[in-house]
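Have a look at the structure first, then read on.

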Amino acid sequence: MKKITTLIVAFAASAIVSSSTFAAGGSDVALDKVYMNMSDKASLQNGAKLFVNYCLSCHSAEYARYNRVAEDLEIPLHRLKENLMFTTEKEGDLMKTTMPAEDAKEWFGVTPPDLTLVARVRKPDWIYTYLRAFYRDDSSPSGWNNSLFENVAMPHAMYELQGVQKLMGKVDKSEQGALDAHAAQGSDDYTIVGDAKFELVHPGKMTPAEFDTAMADLTSFLTYLGEPAQLKRKTIGVYSIAFVILLMMLCYLLKKEYWRDVH
Amino acid sequence: MAIHRHDNHKSANGFMEWMDARMPVTKVWNEHLAEYIAPKNFNFWYYFGSLAILVLVIQLVTGIFLTMHYKPDAALAFASVEYIMRDVPYGWLVRYMHSTGASAFFVVVYLHMFRGVIYGSHREPREMVWLIGCVIFVALMAEAFMGYLLPWGNMSYWGAQVIISLFDVIPFVGPALTEWIRGDFVISDATLNRFFAFHVILLPLILVALVFLHLVALHHVGSNNPDGIDIYDELDEDGKPKDGIPFHPYYTVKDLVGVCGFLILYMGVIFFFPDFGGIFLEKDNFAPANPLQTPPDIVPLWYFTPFYSILRASTTTLLTFFAYSSVVIGIAAALFTKFKAPIRIGFVAAGVIAAIVFLNSSGKAWGVILMAAAIVCFFLLPWLDRSPVKSIRYRSLPFKIALAIFILAFFILGYLGMNAPTPIKTLLAQVCTCIYFAFFVLMPWFTSIGKTKPLPTRVTMKEEH
């Protein structure tokens, strides 16, 4: 009987593990790993600043409220109003875009999607790679293209920060080792984003390393925005589970006491 | 002071006397808890019954709070769930308790059913307990399916679209029936409204009523135990079972330990992995329902996937296999049985007719039939199982092997149902579908062969340390 139980538990565990790998999108898309620290308030604040300055003019975050973001990210209300609120005066408002949806559809061909939950639909790694993968493409309507999301309607919103990239080609997995070695030598004649190799044609306000950090901040902010509760959920969880473990010990002792006369 | 206390005591007794004269409170308490005699050898597997009731209560209570903020309106539903997640104080906790609770319900119920199968709890005289339990399982699936539409995510929408359109295959009335279920030509606001009504009123009422009947039937026949023997066969001089103990306080305190163990795992998911890697909350459901954008792979939640795999396994290949098999079985029945000649010819004819039916019907229709049959099989279990003993501890080897293969096939089907089909995966699903049904069809045979172990007269307890 024990063997069967063990067998079943093992099967269940392996099924869950393997399916979660699949559910996580075990696809062949090459993504860069983003390093996020949800307790780094400065990083989240910087992400919020980038978000309202570069994203919110076209995209909305219509399930989130300004004052909640300010509270969670420890931004004083006057700073919030001065630096982060451009579309409304009421700090309790939802973070809506000023761009009318019909106009957006006419200009870009599609309505820019709401970004509140983008980090729960796409993985953070996807967002981080996508934001850095824009390149100049004169054949596209907007003049921009993206190596991760080909022919995306969105133009490069942050080219003034990153500069202008030119696509040099896709990187094969077999080349990866040689390229990593090359990058380790501190060479800056090209960058690799996902599986694409780029040349920086015009430098932007930021160096590639600074831009990567900024995009990691923005990705962290979007991840926070997808689920604000995550900032305190785990803390509550630790205390709650610790309590139940103690309770379980007491219940076990109680059970033992009651069952003393059962043989 | 002492007099005062004495008065209190007297008035409490007086109150119960007053009450018992008008309503059998003490009688019910005694019959179902304090004097309900349960075998003393319940093990780990016996936690899941009380845990199922716990999860039901969690779902009912969290459901009430969700209903206070949720809007069953196609234009507002998705945003109202995000409102619960963000603006309602601890709304995220209530929502995660409910979404994790749905999966926990199925985990607990599947383990509870498995317990029944391994210890023969479905066998005489507990057939009604088992049958009511099977109806609970079906009602639970309906409850989960309707609840899944309510967040109005894109996978909710398309999942409902796919499952409801299954009714299309019913001859003549199918299309009219699906339209009647949806209240529209597609999944729409009308569908959302009625699913909300079913999810929060109709099915919870049915579930609670069925759980009540499940317990009424159980307490009438008494609980089975891991040895599968009747504790009323061995009575003491007072006529009470030697191996029986009152449910309360023995099993109430024991179940508290089980409750804590369950809560640790349940809270672990809620606080640390609320979407459980996309298995409990799917990525596509974080985007609102979009009738113009079909998700790349439409998959149901994990607890439906074994049955969904059986549905998808039904292709022309499988039907062709069924057709050949029915001819072979017909001929074999004619050759190897000792009936009269006309009956044997009848076997061959039946095989050929079945083959013709299989070859001339659609895979989709058979998929629906097979999926329904897969659930109906559970209802038949008490009559398919012919073993002279109930518990796996004393059963013959063929049963143990068959059960192990069945459980393996069930897990593989569940796994395959979570993923997009490929030719090799479909073939595997077809093999597992055949194993699934073979387990039930062959059960009267493999439960009656092999050597069973002798039954003890008294239940066995874990060795004392």
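## Two domains in chain B

In chain B, the C-alpha centres of domain 1 and domain 2 sit 28 Å apart. The bounds, which come from an automatic or database domain assignment, are 27-278 + 288-295 for domain 1 of chain B and 306-446 for domain 2 of chain B. Before going further: this is a predicted model, where local features need pLDDT of at least 70, side-chain atom pairs count only at pLDDT 80 or more, and totals for chains, interfaces and linings use all residues. Residues are numbered from 1 along each chain as its sequence is written, with chains lettered from A and ligands numbered from 1 in the order in which they are written.

Where the two domains touch, 16 residues of domain 1 of chain B contact 15 residues of domain 2 of chain B (contact means C-beta atoms, placed from the backbone, within 7 Å). On the domain 1 side, helix 5 and helix 6 (127-149) of chain B each bring at least two residues, and helix 6 of chain B gives the most, with five. Helices here are DSSP runs (H or I, at least four residues) and strands likewise (E, at least two), numbered from the N terminus. That domain 1 side splits into nine nonpolar, four polar and three charged residues. Ala, Val, Leu, Ile, Met, Phe, Trp, Tyr, Cys and Pro count as nonpolar, Asp, Glu, Lys and Arg as charged, and the others, Gly among them, as polar.

## A helix pair in chain B

Helix 5 (residues 91-119) of chain B also packs with helix 3 (residues 48-67) of chain B, at about 160° with axes 9 Å apart. Axes are lines fitted to C-alpha atoms, for helices over the stretch in contact, and angles run from 0 to 180 degrees between N-to-C directions. The two helices of chain B are therefore roughly antiparallel (an angle over 145 degrees). Residues in this contact come out as 14 nonpolar, seven polar and two charged.

## Where chain A meets chain B

The contact takes 39 residues from chain A and 37 residues from chain B. Helix 11 of chain A supplies the largest share of the chain A side, 15 residues. By class, that chain A side has 28 nonpolar, six polar and five charged residues.

## Confidence in chain A

Chain A has a mean pLDDT of 86, with 83% of its residues at 70 or more (pLDDT is the predictor's confidence in each residue, from 0 to 100).

How values were computed
Parallel < 35°, antiparallel > 145°, perpendicular 65-115°, else oblique.
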